[in-house]
There are 2 protein chains.
Amino acid sequence: MTDTTFPITGRNKVKRAPLRGAYDKASVYAVLDECRICHVGYVVDGQPYVTPTLFWRDGNTLYWHGSSASRMLRTVKTGVNVCVTASLFDGWVMARSGFHHSANYRSVMAYGTARALATEAEKDAALKVMMDGLFPGRWEEIRPSTTQELKATTVVSMDIEQASAKIRCGGPIDDDADYDLPVWAGVLPVRQVQGAPVPDPKMTDGIEFPENLSAYLAE
Amino acid sequence: MTDTTFPITGRNKVKRAPLRGAYDKASVYAVLDECRICHVGYVVDGQPYVTPTLFWRDGNTLYWHGSSASRMLRTVKTGVNVCVTASLFDGWVMARSGFHHSANYRSVMAYGTARALATEAEKDAALKVMMDGLFPGRWEEIRPSTTQELKATTVVSMDIEQASAKIRCGGPIDDDADYDLPVWAGVLPVRQVQGAPVPDPKMTDGIEFPENLSAYLAE
């Protein structure tokens, strides 16, 4: 591994559409940082499982968390090989033939060995990084975690050993002979947007929507 | 398996938050049909891989496809156990403590054995089902697939042997003692929307945006 690029082996080499593959950390991190959900792949007795979960990144390390009773977390925290995949669907690519229809997307497959954070202090620090990244300032406003809560929470970290980003963007690429066909072609973009916040009816009176969540107001 | 419910074993039993788990086909299919992308988990030499891909459903069978050169498709078409996970992120659940922060989501984990469709005719029929489901009427407008294109395409099918849906919706559930805290609480909803279509600049003049894609116009 160089400072800026992940090593390329059979595990992370992008086999298809190689021009869309990238192994530099900047590309990999940029996609990961746009994703809130990842899909963690792991194996139990030969059976693959893929669990969706929130995740966050700190340097070259990915974190995810949940109840200590979770099958996924009980399995992956023991130091097994995992594949963490995160993807964003950006739109439909409409071509003049079925074969050249496609999707625009950004995805990362990241490989490493998961381990569980050992102490309540480590877990609390990692959870603060997640909260600060998503909702700056909120950590200081909410009730602090109790020791009991931290014991009931497993936080898993995975240093990224290898990764690849795969990106498709832009319009359709049709066969030369097909461009004259009277078919609408182009891109139908898709994106995620925030809706209007829904206040908890049990909230005490007089609490305004906080400035530090303004990025989550409806567009 | 009954007519309406998947069998529950250790593989698909929802371990965490069991009240959010569902095994009836209606719930599983409803989530799958809202998702365009799934994450296919499979194992090669003990290493888990998770590949994002478009997919579609026909009855109790899931399909996905791609280049015959794809590692994922070359692996899974040989009849291996796969886990297909599809998930929708619906919003952030903001509580008065870190512990009770959550996410609203709908997800399905489906298990089965993948197999490759054998003939070009089978592949063409399956691809038509995908296109008709996404873009009714478009299949008849575009250039038909050639035998060469169908040979270069692998279509994988997986009968769902077992599945579970896991759904979280609604507002935060806080500890009783925390409701008096002066913290904004509620849900910050997220949804996917269509953007404005981007016509291919290489399109011949006079082609209108087709009525059968009107569901993909910007909201």
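I take a salt bridge to be a side-chain nitrogen of Lys or Arg within 4 Å of a carboxyl oxygen of Asp or Glu. By that rule, Arg143(A), Glu149(A), Asp175(B) and Asp178(B) are linked in a network of salt bridges.

**Ground rules**

I am working on a predicted model, in which local features need pLDDT of at least 70, side-chain atom pairs count only at pLDDT 80 or more, and totals for chains, interfaces and linings use all residues. Residues are numbered from 1 along each chain as its sequence is written, chains are lettered from A and ligands numbered from 1 in the order in which they are written, and side-chain values use heavy atoms, with hydrogens and water left out.

**Entry 1: the interface**

I looked up the contact between the two chains first (contact: heavy atoms within 4.5 Å). Chain A gives 86 residues and chain B gives 86 residues. I then looked up the buried area, the accessible area (1.4 Å probe) that two parts lose on being put together, summed over both. Chain A and chain B bury about 7,400 Å² between them, and 64% of this lies on carbon and sulfur atoms. Which three residues of chain B supply more of its buried area than any other three? They are Trp92(B), Arg143(B) and Trp184(B), with 10% of the area that chain B buries against chain A.

I counted six salt bridges between chain B and chain A. In one of them, Arg143(B) pairs with Asp175(A), with the closest N and O atoms 3.2 Å apart.

I also listed polar contacts. These are pairs of N or O atoms within 3.5 Å; within protein, one must be able to donate a hydrogen and the other to accept it, and residues adjacent in sequence count only if both atoms are side-chain atoms. The rule finds 32 residue pairs across the interface, both residues at pLDDT 80 or more.

Next I asked which elements of chain B touch chain A. Helices (H or I, at least four residues) and strands (E, at least two) are DSSP runs, numbered from the N terminus. The elements giving two or more residues include strand E6 (81-94), helix H3 (120-134) and strand E10 (186-194) of chain B. E10(B) gives the most, with nine residues.

I paired strands where DSSP finds at least two bridges between them. E10(B) pairs with strand E11 (residues 198-199) of chain A in the antiparallel sense over two bridges. There, Gly186(B) stands opposite Pro199(A).

**Entry 2: Thr85(B)**

I found Thr85(B) in strand E6 of chain B. I call a residue buried under 20% relative accessible area, exposed over 50%, and partly exposed in between (1.4 Å probe, protein chains only). Thr85(B) has a relative accessible area of 0%, so it is buried. Its side chain reaches the backbone oxygen of Val50(A) at 2.6 Å. Leaving aside neighbours within four places in sequence, the contacts of Thr85(B) include His39(A), Val50(A) and Pro52(A), and also His39(B) and Val108(B).

**Entry 3: salt bridges**

I searched the whole structure and found 24 salt bridges over all chains. Side chains of opposite charge can pair when their charged atoms come close.

Asp174(A) forms one with Arg96(A), the closest N and O atoms being 2.9 Å apart. This pair links distant parts of the chain, 78 residues apart. Are the two residues buried or exposed? Both Asp174(A) and Arg96(A) are buried.

Asp132(A) bridges to Lys128(A), with the closest N and O atoms 2.5 Å apart. Both lie in helix H3 (residues 120-134) of chain A, four residues apart, about one turn of the helix. Asp132(A) is partly exposed because its relative accessibility is 26%. Lys128(A) is partly exposed at 30%.

I came back to Arg143(B). Within its own chain, Arg143(B) forms a salt bridge with Glu149(B), the closest N and O atoms being 2.8 Å apart. Arg143(B) is buried at 17% relative accessible area, and Glu149(B) is buried at 7%.

**Entry 4: hairpin E2-E3 of chain B**

E2(B) and E3(B) pair in the antiparallel sense over eight bridges. Tyr42(B) has Tyr49(B) in E3(B) as its bridge partner. The hairpin has two residues between the strands, and Asp45(B) takes a positive phi near 50°. Seven of the eight residues of E3(B) are buried, so this strand is largely enclosed by the rest of the structure.

**Entry 5: Glu219(B)**

I placed Glu219(B) in the segment after E11 of chain B. Glu219(B) counts as exposed because its relative accessibility is 66%. Not counting residues up to four places away in sequence, Glu219(B) touches Arg191(B), Gln192(B), Val193(B) and Gln194(B). The C-alpha atoms of Glu219(B) and Ala196(B) are separated by 8.4 Å, with the two residues 23 apart along the chain.
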